[in-house]
Amino acid sequence: MSNVLLQGISKSFGELEVVHSIDLEIASQEFIVLVGPSGCGKSTTLRMVAGLEEISDGMLQIGDRVVNDIAPKDRDVAMVFQNYALYPHLSVADNIAFGLNIRRVKKPEIKRQVADVAQTLELTDLLNRKPSELSGGQRQRVAMGRAIVRHPKVFLFDEPLSNLDAKLRIQMRAEIKLLHKRLGVTSVYVTHDQVEAMTLADRIVVMHDGRIEQIGTPMELFRNPANLFVASFIGSPPMNKLSGSVTVKNAVPSLDIGHGASIKLRSDSVSSDDHGRSIVVGIRPEHMNIEPGNGPGWSEIPFDLTLVEPLGSEALIHAMVGDTPIIMKVETRNEVSHLNDATRFYVQAEDVRAFDAETGKALDFTVAG
Amino acid sequence: MKDKLIWLNKHFRREWQIYVMLLPVIIWFIVFLYKPMYGLQIAFKDYSIFRGIAGSPWAGFEHFYTLLDSDQFLRAVKNTFVISGLSLIFGFPVPIILALMFNEILHQGFKKTAQTIVYLPHFISTVIIAGIVITAFSPSSGVVNLLLSKLGIEPIYFLTKPEWFRPIFIGSGIWQEAGFSSIVFLAAIAGVSPTLYESAVVDGASRWQMIWKITLPAIMPTIIIMLIIRIGNLLEVGFELVILLYQPATYETSDIINTFIYRQGLQGGQYDLAAAAGLFNAVVAFVLVITANMIAKRYSKTSLW
Ligand SMILES: Nc1ncnc2c1ncn2[C@@H]1O[C@H](COP(=O)(O)OP(=O)(O)OP(=O)(O)O)[C@@H](O)[C@H]1O
Ligand SMILES: [Mg+2]
């Protein structure tokens with residue numbers, strides 16, 4: 001059963017259209033993450049769902065109602081804002097109770113629910129404090145508490161963790177995920193941090209310039225990006241791109257990248273008609289090995305090493321293939337000195353993605369399911 | 001002690017620019033506020049212009065006894081408190097309400113026009129304000145009486161009736177200043193984070209609830225500061241307007257301490273008595289500011305100092 005449905009949703013500010021006809025179907029209890037670079041329209045889309053922005057075109061359905069013209073308060077959604085939007089003059093308890101007070105819920109009932117939520121979020125000892133007396137993480141929790149206590153159909157989050165420091169962000173990320181597991185409320189979460197998107201989402205929606213580039217589970221996007229934008233946006237460090245022209249020899253396709261080097265391609269990505277066509281391939285840093293692999297699918301590509309960055313159990317190798325900079329991620333096995341001697345990497349055709357050089361569309365892309 | 005001196009010396013060397021910037025204010029205070037205080041002593045002297053301030057003989061609290069025995073002075077004190085108390089009660093909330101109302105106007109053009117119209121009277125000289133008031137309430141040709149006569153009511157000689165002085169004075173004061181005073185509150189409202197309202201909208205708050213539960217509490221510190229300042233100035237009734245509007249027939253309700261000082265001192269030449277009245281005024285005002293500040297500190301954690 002779908003819980004939130006966006007059909008051809010567009011948004012214009014005056015003459016300028018910033019969200020272009022978005023289609024998205026969100027299942028009940030699903031955790032959806034909207035991710036994309038700054039200014040791509042994530043917040044605007046979320047705010048249209050919340051009812052804080054008018055929908056210029058299209059249809060929005062929450063539950064089984066079309067809510068385009070329904071006021072935010074009647075949409076049964078709760079939103080957590082980036083700056084938490086806590087009321088500075090109210091105590092933590094009153095902040096959490098705000099939505100219930102507005103709805104004129106009976107006092108003892110409010111008290112019970114606030115205590116409940118405070119327990120869940122470990123805020124019980126802080127209920128009498130003012131927001132100014134809380135740490136960033138505690139404020140964040142109060143903001144979540146205010147949303148939870150309303151028992152909405154849908155949670156909306158707009159970059160709720162971006163004001164926290166890196167360590168706290170990781171901790172809160174895990175808490176949000178646990179909370180979602182426990183409460184099972186449909187959630188739409190906006191972030192520009194792809195790691196956050198990968199770790200939290202049931203499905204990720206990658207947006208770019210007001211359009212959806214791809215929708216899929218984190219692993220689908222990682223393994224099978226629909227285009228070069230998604231390929232370089234998801235994953236860190238980003239996918240390496242190498243361009244060249246297709247040669248097909250004995251029905252085995254490969255990419256000639258110059259300097260006599262070639263990369264074997266998956267046979268389902270190009271056909272013999274594509275001989276001579278110029279394309280771009282993407283290879284994840286994690287899929288490049290410096291130890292030779294054996295088998296027919298492996299290619300060997302020489303590079304000029306520029307820098308080794310040890311990260312602990314892994315290391316990043318920066319290198320040049322011809323004129324193209326690449327980054328590889330390899331295991332160190334507690335030793336990095338040998339990495340400095342690397343001169344070539346090995347990759348399986350299975351792990352090489354091919355994209356059209358002009359449109360950036362994946363050549364071997366198949367919609368999953 | 002010695003450490004402190006060394007510290008001070010270092011401090012001044014390092015931060016002298018700040019003190020240079022402070023200097024104009026200090027000079028202003030000395031020239032316009034502290035130096036005239038020297039003249040205050042005539043309140044305790046039998047002052048004569050010919051003998052000068054230093055040459056006049058001391059008179060102790062004589063003038064104060066005279067004042068406290070004078071029905072006119074006591075009436076002026078009472079009128080001052082009544083007029084300013086009433087303007088506080090009726091006038092203080094008006095700019096706040098105006099600011100809240102402006103904040104609710106969504107159409108920018110309409111908002112700007114409305115604001116300009118209510119700011120305007122502030123920029124008109126008090127003399128002209130008085131002229132407008134006198135004209136408007138004139139028994140023969142004033143708008144007010146014209147309207148009343150349309151309703152079949154006999155013309156009223158508003159400005160000669162003691163019972164009408166206070167409403168007219170307070171009303172015209174509000175008309176002149178309320179708009180302009182609302183700017184402070186508008187600025188405070190502008191400082192409230194818009195996401196607070198968005199969050200409230202999603203939680204289901206109506207516009208009224210947002211005003212009561214978000215805007216008002218958010219500007220409460222500003223309201224309290226303004227209130228302390230107003231209470232401190234409680235005895236500073238706009239005396240130009242009183243002088244321009246009052247007449248012997250309305251002294252009963254219109255004569256305030258400042259007009260009393262003006263009449264005794266400048267018109268009657270009793271400088272020592274006028275100085276004593278002025279000093280009395282200042283001391284009461286001083287006590288009022290301190291009390292207001294203390295109360296505000298105790299109950300709201302907001303205060304001037
Ligand atoms: N009120 C507005 N008036 C005009 N243009 C707007 C308004 N709000 C947003 N925009 C424009 O819409 C586009 C999308 O904005 P939006 O806030 O949705 O981006 P975002 O993806 O949330 O970015 P970020 O990651 O920086 O928050 C931007 O180009 C922005 O300039
Ligand atoms: Mg945003």
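Modeller: Glu133(A) lies in the loop that links helix H3 (107–120) to helix H4 (136–148) of chain A; helices (H or I, at least four residues) and strands (E, at least two) are DSSP runs numbered from the N terminus. This is a predicted model, in which local features need pLDDT of at least 70, side-chain atom pairs count only at pLDDT 80 or more, and totals for chains, interfaces and linings use all residues, while side-chain values use heavy atoms, without hydrogens and water. Residues are numbered from 1 along each chain as its sequence is written, with chains lettered from A and ligands numbered from 1 in the order in which they are written.

Glu133(A) is partly exposed because its relative accessibility is 46%; buried means under 20%, exposed over 50%, and partly exposed in between (1.4 Å probe, protein chains only). Its C-alpha atom is 9.8 Å from that of Val92(A), although 41 residues separate the two along the chain.

Thr215(B), by contrast, is buried at 1% relative accessible area. This threonine belongs to helix H11 (residues 207–232) of chain B. Beyond its neighbours within four places in sequence, Thr215(B) has contacts (heavy atoms within 4.5 Å) with Leu100(B), Ile189(B), Tyr197(B) and Met210(B).

Chain A also holds an open antiparallel sheet of three strands, ordered S16-S17-S18; two strands pair if DSSP finds at least two bridges between them. S16 (304–310) and S18 (324–331) are the edge strands, each with a single partner, so one side of each lacks a neighbour in the sheet. S16(A) is joined to S17 (residues 314–321) by six bridges, and Leu307(A) stands opposite His318(A) in S17(A).
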